[in-house]
Amino acid sequence: SQPRPAHKRILLKLSGEALMGDDAFGINRGTIERMVAEVAEVVGLGVQVAVVIGGGNIFRGMAAGAAGMDRATADYMGMLATVMNSLALADAMDRQGLVARVMSAIAIEQVVEPYVRPKALQYLEEGKVVVFAAGTGNPFFTTDTAAALRGAEIGAELVLKATKVDGVYSADPNKDPSATRYATLSFDEAISKNLGIMDATAFALCRDQKLPIKVFSILKSGALRRVVMGEDEGTLVHA
Ligand code: UDP
């Protein structure tokens with residue numbers, strides 16, 4: 001018989017920046033289609049997938065706040081940027097034959113349905129991909145924290161943090177050829193080595209809930225599938 005996935009339900013965190021591809025801003029169509037193809041592969045394996053997407057390709061509250069804008073207002077703009085990315089992602093998923101549902105932490109009823117936990121769980125059970133939009137719904141937080149929060153809420157077995165590099169390395173692999181990838185790290189090791197895997201709030205939530213984090217590359221072909229199959233891919237941060 002076919003090997004079975006190691007995980008039943010996962011929370012995938014995609015950064016907004018990843019959507020840009022090689023562009024300087026916005027959403028690169030080819031890039032989003034490649035990401036969705038990776039997701040479709042694991043949905044096809046029967047894995048339940050929830051996604052949190054960032055907004056950094058469109059707007060970052062912290063940067064605007066530092067430049068003088070009221071921080072909370074800037075953060076609401078950042079959250080709205082994640083709604084735009086969520087709509088684009090769900091659209092690309094629908095075009096590739098997945099059934100996607102966007103749920104927003106901020107009420108924008110004419111555009112997307114609100115986040116209601118039991119409904120999200122129902123969609124997941126039905127094999128639909130749930131895209132959580134608008135982060136946590138609160139300023140001063142990040143979409144990494146939203147990923148940790150929603151991951152804990154839906155009982156995900158793993159939070160997958162997609163980055164440009166295919167894991168956590170002992171040094172920058174683009175600068176230092178002797179850099180090695182960590183296959184696993186404990187939460188404490190990640191803190192003591194100051195690896196900055198997620199922001200402190202997100203990281204603390206995962207650690208408290210003993211929710212493991214896998215750092216991997218979404219654009220490395222087949223990497224997401226290897227992660228859900230439990231193969232040696234990326235870096236696992238665990239309790
Ligand atoms: N944001 C927020 N609260 C949240 C999640 C996001 O205020 O719970 C805002 C914040 O301004 C942030 C922006 O939305 O800069 C985009 O999210 P993030 O920076 O996490 O996106 P990414 O870096 O993953 O693209």
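Helices here are DSSP runs of H or I with at least four residues, numbered from the N terminus. By that rule, Gly 16 sits in helix α1. Keep in mind that this is a predicted model.

**Stop 1**

Select Gly 16. Is Gly 16 buried or exposed? A residue is buried if 20 or more other C-beta atoms lie within 10 Å of its own. Gly 16 has 22 such neighbours, so Gly 16 counts as buried. Now show its contacts, skipping residues within four places in sequence. They are Ile 53, Gly 54, Gly 55, Gly 56, Asn 57, Ile 58, Ala 81, Thr 82 and Asn 85.

Step back to Ser 15. Ser 15 lies in the loop between β1 and α1. Ser 15 is buried too, because 21 other C-beta atoms lie within 10 Å. Beyond its neighbours within four places in sequence, Ser 15 contacts Gly 54, Gly 56 and Ala 162.

**Stop 1: the first annotated set**

Both residues belong to a "binding site" annotation in an unreviewed UniProt entry.

**Stop 3**

Asp 75 is part of helix α4, residues 71-95. Asp 75 counts as buried because it has 24 C-beta neighbours inside 10 Å. Not counting residues up to four places away in sequence, Asp 75 touches Gly 61, Pro 139 and Phe 140.

Next, pick Thr 143. Thr 143 lies in helix α6, which covers residues 143-153. With 30 other C-beta atoms within 10 Å, Thr 143 is buried. Which residues does Thr 143 touch, not counting residues up to four places away in sequence? The answer is Lys 13, Val 52, Ile 53, Gly 54, Gly 55, Thr 82 and Gly 135.

**Stop 2: around the ligand**

Show the ligand and its shell. The ligand is surrounded by 25 residues, and the closest are Gly 54, Gly 56, Gly 61, Gly 78 and Gly 135. Colour the helices next. α1 (16-19), α3 (61-66), α4 and α6 each give at least two residues to the shell. Which helix supplies the largest share? It is α4, with 6 residues. Colour the shell by class to see 7 nonpolar, 14 polar and 4 charged residues.

**Stop 3: helix α2**

Select residues 29-44. This is helix α2, with 16 residues. Its first and last C-alpha atoms are 22 Å apart, close to the 22 Å expected at 1.5 Å a residue. Now pick out Ile 32, Met 35, Val 36, Val 39, Val 42 and Val 43, which are buried. Look down the axis of α2. The buried residues fall within an arc of 115°, so they line one face of the helix. On the other side of α2, Gly 30 and Gly 44 are exposed.

What does the buried side of α2 pack against? Its buried residues meet β1 (9-14), α1, β2 (48-53), α4, β5 (129-133) and α9 (223-228). Just after α2, select Gly 46, which has a positive phi of about 95°.

**Stop 4: Ala 50 in β2**

Move on to Ala 50, in strand β2. Ala 50 counts as buried because 27 C-beta neighbours lie inside 10 Å. Draw a distance from Ala 50 to Ile 10. The two are 40 residues apart along the chain, yet their C-alpha atoms are separated by 6.3 Å. Leaving aside neighbours within four places in sequence, Ala 50 contacts Leu 11, Leu 124, Val 130, Phe 132, Arg 150, Ile 154 and Ala 156.

**Last stop: the annotated domain**

Zoom out and select residues 8-217. The unreviewed UniProt entry places "domain: Aspartate/glutamate/uridylate kinase" there. Over residues 8-217 the chain is 41% helix and 20% strand. The end C-alpha atoms of that stretch are 20 Å apart.

Methods
Residues numbered from 1 in each chain as written. Predicted model: local features only at pLDDT ≥ 70, side-chain atom pairs only at ≥ 80, totals over all residues. Buried ≥ 20, exposed ≤ 12 C-beta atoms within 10 Å, placed from the backbone. Contact = placed C-beta atoms within 7 Å. UniProt positions renumbered as here; feature names shortened; annotations may be inferred. Near = placed C-beta within 6 Å. Nonpolar A, V, L, I, M, F, W, Y, C, P; charged D, E, K, R; others polar. Expected span 1.5 Å × (residues − 1). Arc of directions from axis to C-beta.
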